[in-house]
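Visitor: Can you walk me through this one? I'd like to go through it a piece at a time.

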Amino acid sequence: MTPPREGRGGPLRRLADFLDDRTGWRGLMHEALYERVPGGARWRYVWGSTLVFAFMTQVITGLFLWASYSASGQTAWESVWYIQHEMTGGWLLRGIHHFMAQAMVVLLALHLLQVVIDGAYKAPREVNFWLGLVLMMLVLGMALTGYLLPWDQKGYWATRVATNLAGIVPVIGPAIQKVVVGGPDYGHHTLTRFFALHAGFLPATLVAFLVVHLALFRKHGLHAKQPITKPDGMFWPDQLLKDAVAMLAVMAVVLGVILVPAVRTMLAGGHVDWGHVGAELGAPADPSQPYAAARPEWYFLFLFQFLKVFEGWGATGEFLGAILVPGLIMGVMFLMPILGNWKLGHRFNVAFTLGLLAGVAVLTGLALDEDYYALWADKQQVAEAAKLFDETGGDEEKLLAAVGGDKAKAAAIAGQFQTVEKIRRSEAFLAAVKTARADAERAAELAGRPERIPPGGALELVRRDPLSQGPRLFAQHCSSCHAHVDPETPEAATILARSSAANLHGFGTAAWMKGLLDPDQVAGPAYFGNTAHKDGDMVNFVREDLQDAETWKPADIEAVIAALAAESGLGDAKTPAATILRGRELVASDERCGSCHRFGDNGTDLGTACDLTGWGGREWLVGIITDPTHERFYGDTNDRMPSFGKAAEGAMPLLTDEQIGLLADWLRGEW
Amino acid sequence: MNHDVPDSRRGFLAKLAAVACGGLATLAPVAAGVWAFLDPLRRKGAAAEFLPVTELSAIPDDGVPRQFAVVAERIDAWTGFPREPIGAVYLRREKGSRNVEALTATCPHAGCFVELEGTRCFRCPCHNSTFTLDGGIVEPSPSPRPMDSLECRVAENGEVAVKWQNFRTGIAAKEASS
């Protein structure tokens with residue numbers, strides 16, 4: 001032991017000496033830093049260090065995220081939303097964590113590649129190579145478990161798939177699934193368990209393995225790339241400088257991915273909503289809504305695509321694709337140090353790893369091509385085939401008839417059907433992504449309102465939102481007959497031609513009523529054209545009575561339109577009160593509308609035509625959706641429309657009162 | 001082959017550069033984390049406002065305080081709670097008086113819930129701070145000040161409203177916490 005050196009040098013030096021005497025830190029530092037690097041520092045050795053750095057970044061950002069995250073079915077999405085949209089710098093914190101996780105996967109691949117190509121797995125380093133493979137699986141496990149934690153649609157559905165795949169492992173699969181999921185169903189305990197795995201079990205295990213991995217690395221020394229042509233270097237500072245530069249570069253890339261879109265917006269003079277910068281947050285997880293945009297994170301896309309190879313094989317295929325083949329591949333990798341002892345073993349290992357990465361790249365590319373094909377496909381080229389595909393539904397006989405019996409042409413067209421279908425699938429996926437983005441944005445907007453999220457969670461908010469639910473309910477229950485399309489848009493004509501009931505876009509507004517009272521439109525597809533009322537009293541009235549300019553001056557018609565729009569509450573606030581008053585008189589008059597329609601207390605009997613009192617208003621709409629056969633509406637002349645809110649005793653109505661209210665609010669544009 | 005590495009000025013610069021790069025790279029996650037972690041510092045408590053608590057007739061005019069819940073809507077980070085109890089006050093009034101005195105149930109010493117001991121006095125269960133029925137301090141007491149009174153309004157129709165606010169604990173002065 002050296003004698004105490006206290007009392008020499010400046011205060012800092014003295015403190016350092018004091019500590020060194022009692023801890024021996026200088027020796028430890030020397031041990032840690034002054035490692036010989038045979039052949040000098042090289043860039044190809046940086047990958048291991050960048051991985052440690054990436055892991056440290058995840059630990060730091062993860063702990064800070066932990067300080068604000070709440071793992072439960074009603075608070076996970078909500079707390080992540082709060083981090084992302086409300087907390088200062090939350091978007092940056094989450095962005096770094098999210099994208100560094102992805103960088104880590106890339107760095108893993110590079111590290112593995114370097115180790116295999118350099119033959120660094122060979123004796124005596126076999127054990128360290130195996131430890132590295134375990135570390136790789138732990139990192140992938142953390143990526144998988146982290147994906148669920150925001151409890152958004154994306155994470156939720158991806159996790160359902162991942163855990164269901166775990167469930168097909170023979171014998172113990174269902175038990176594994178149940179334990180991981182925390183029960184027979186997804187919920188609170190799925191989150192608490194995944195969180196414990198993600199932030200506890202997996203990182204703790206990883207640290208333990210990492211310590212041994214690094215200790216063995218130091219024991220064996222750096223495996224130098226042969227042949228050595230340059231003088232030896234030192235780990236500190238030569239190699240560490242390169243490592244540090246690489247770390248900084250990794251961080252720069254991660255920050256770039258987060259910030260570049262925002263900077264672009266700023267440069268274009270736009271306003272940056274920081275809540276939307278960095279990692280995405282989807283709409284809250286909803287097991288009752290389809291989520292066609294479901295895809296695993298990009299680094300698992302290859303597995304997703306690989307599973308498609310076994311499509312049609314059922315559970316056997318999934319077992320092969322998701323468990324057996326990946327298991328065999330991992331098995332081969334574990335055997336690499338042993339295979340490497342054979343004459344051609346190293347070449348095999350390198351070829352296997354490169355082949356594997358190439359396979360992953362190809363599968364990823366295929367997956368992306370399938371999803372985004374519509375973006376780069378030449379749709380013009382298959383336009384005719386697309387049209388025929390829609391008409392014939394892909395049926396060969398119908399196709400032959402459609403092309404006038406020309407067999408060669410039919411064959412050529414049929415050959416393009418596959419492309420058409422691929423475009424259609426891709427378009428559907430892209431549309432689903434667009435819907436998912438809109439839903440996500442809407443959910444964030446609702447959560448950001450001053451009244452915040454109800455204690456029941458954000459899903460409650462979304463389910464009570466007319467803008468989110470209206471289009472879905474309409475698509476499910478109304479759109480098989482009714483259109484909902486702005487008549488001014490180019491696609492309106494096609495959509496209207498397919499509909500068999502009135503276009504409800506803008507129902508209750510002056511523009512809608514104006515169209516109804518237009519003799520050219522009233523029997524058109526946007527109104528009664530495709531219904532049983534095509535030749536009904538109203539159509540006759542509009543086409544004949546209303547054309548009598550003596551009785552119905554244009555100003556009168558305008559007034560009726562204004563009065564009815566005012567009735568719905570969707571009228572133009574600037575309409576003069578006198579016009580509305582005049583219109584109300586005309587609507588009520590038993591010589592005008594009132595001869596058939598009840599309006600207020602005009603005394604007309606119900607049952608001949610719709611009650612115009614409160615026409616197009618919320619109460620009126622709720623009423624007609626609930627029961628169009630009510631005498632206030634169509635009575636026994638009702639054409640096909642179901643009574644959505646009425647059911648035989650003991651049965652469930654098609655729609656709940658709440659759903660009908662949501663539809664009415666959405667149709668009225670109130671949200 | 002010469003495997004010796006000369007320790008030189010170049011070495012010092014390399015060390016400096018390595019520390020700088022590594023430090024800079026690590027700074028990003030640490031800074032983002034600390035930035036978000038300190039978010040609570042910019043959050044303010046709800047502004048003090050008058051909240052209806054009860055009816056005048058519900059407070060017996062015998063000079064003995066009664067405990068009432070303060071009910072209000074509340075925002076907790078992301079959750080907006082509908083009206084629910086958020087705290088408690090003691091209300092008392094003298095014989096025939098329409099004048100109501102309100103004391104918050106939070107002990108000015110360390111923030112525990114002060115309890116009414118029969119009809120004789122208030123006592124805090126944590127450190128035995130004792131207060132008279134009008135909130136006055138009974139020496140010796142761990143509490144540095146009397147119980148905190150709250151502004152109280154009695155409307156024409158008998159509705160009793162209390163200006164609900166929190167005060168800093170542990171100091172002699174009655175200071176609203178922000």
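**A loop residue to begin with**

Guide: Arg640(A) is found in the loop between helix 24 (618-626) and helix 25 (657-667) of chain A. Helices here are DSSP runs of H or I with at least four residues, strands are E runs of at least two, and both are numbered from the N terminus.

Visitor: Before we go on, what kind of model is it, and how does the numbering work?

Guide: This is a predicted model, where local features need pLDDT of at least 70 and side-chain atom pairs count only at pLDDT 80 or more, while totals for chains, interfaces and linings use all residues. Residues are numbered from 1 along each chain as its sequence is written, with chains lettered from A and ligands numbered from 1 in the order in which they are written.

Visitor: Back to Arg640(A): what is its phi?

Guide: Arg640(A) has a positive phi of about 70 degrees, although it is not a glycine. Most residues other than glycine have a negative phi, and most peptide bonds are trans.

Visitor: Is Arg640(A) buried or exposed?

Guide: Arg640(A) is exposed because 11 other C-beta atoms lie within 10 Å. The cut-offs: buried is 20 or more other C-beta atoms within 10 Å of a residue's own, exposed is 12 or fewer, and partly exposed is in between, with C-beta atoms placed from the backbone.

Visitor: Where does Val171(A) sit, and what is its phi?

Guide: Val171(A) is in the loop between helix 7 (153-166) and helix 8 (173-181) of chain A. Its phi is near 65 degrees, a positive value in a residue other than glycine. Val171(A) is exposed too, with 7 other C-beta atoms within 10 Å.

Visitor: OK, cis peptides. Which residues does the bond with omega near 5 degrees join?

Guide: That cis bond runs from Ala123(A) to Pro124(A), and Pro124(A) lies in the loop between helix 5 (90-117) and helix 6 (126-148) of chain A. Another cis bond joins Gln226(A) and Pro227(A), with omega about -5 degrees. Pro227(A) lies in the loop between helix 9 (188-220) and strand 2 of chain A.

Visitor: Zooming out, how many helices and strands does chain A have?

Guide: Chain A has 25 helices and two strands. Its C-alpha trace spans about 120 × 75 × 55 Å along the principal axes. As for burial, 35% of the 671 residues of chain A count as buried.

Visitor: And what domains is chain A divided into?

Guide: The bounds come from an automatic or database domain assignment. They are domain 1 (1-31), domain 2 (34-279), domain 3 (295-376), domain 4 (377-462) and domain 5 (465-667). Taken over C-alpha atoms, the centres of domain 1 and domain 3 of chain A are 54 Å apart.

Visitor: Switching to the interface, how many residues does each chain bring to the contact?

Guide: Chain A brings 39 residues and chain B brings 29, with contact meaning that C-beta atoms, placed from the backbone, lie within 7 Å. Helix 10 of chain A gives the largest share of the chain A side, 10 residues. That side divides into 26 nonpolar, eight polar and five charged residues. Ala, Val, Leu, Ile, Met, Phe, Trp, Tyr, Cys and Pro count as nonpolar, Asp, Glu, Lys and Arg as charged, and the others, Gly among them, as polar.

Visitor: How about chain B: which strands pair with strand 10 there?

Guide: Strand 1 (residues 49-55) of chain B is joined to strand 10 by six bridges and runs antiparallel to it. Strand 9 (residues 152-154) of chain B also pairs with strand 10 in the antiparallel sense, over three bridges. Pairing requires that DSSP finds at least two bridges between the strands.

Visitor: Which residues are on the covered face of strand 10?

Guide: In strand 10 (residues 159-164) of chain B, the covered face has Val160(B), Val162(B) and Trp164(B), while Glu159(B), Ala161(B) and Lys163(B) make up the uncovered one. Val160(B) is the bridge partner of Val154(B), and Glu159(B) stands opposite Glu55(B).

Visitor: What's in the turn between strands 9 and 10?

Guide: That hairpin of chain B has four residues between the strands, and Gly158(B) takes a positive phi near 95 degrees.

Methods: Contact = placed C-beta atoms within 7 Å.
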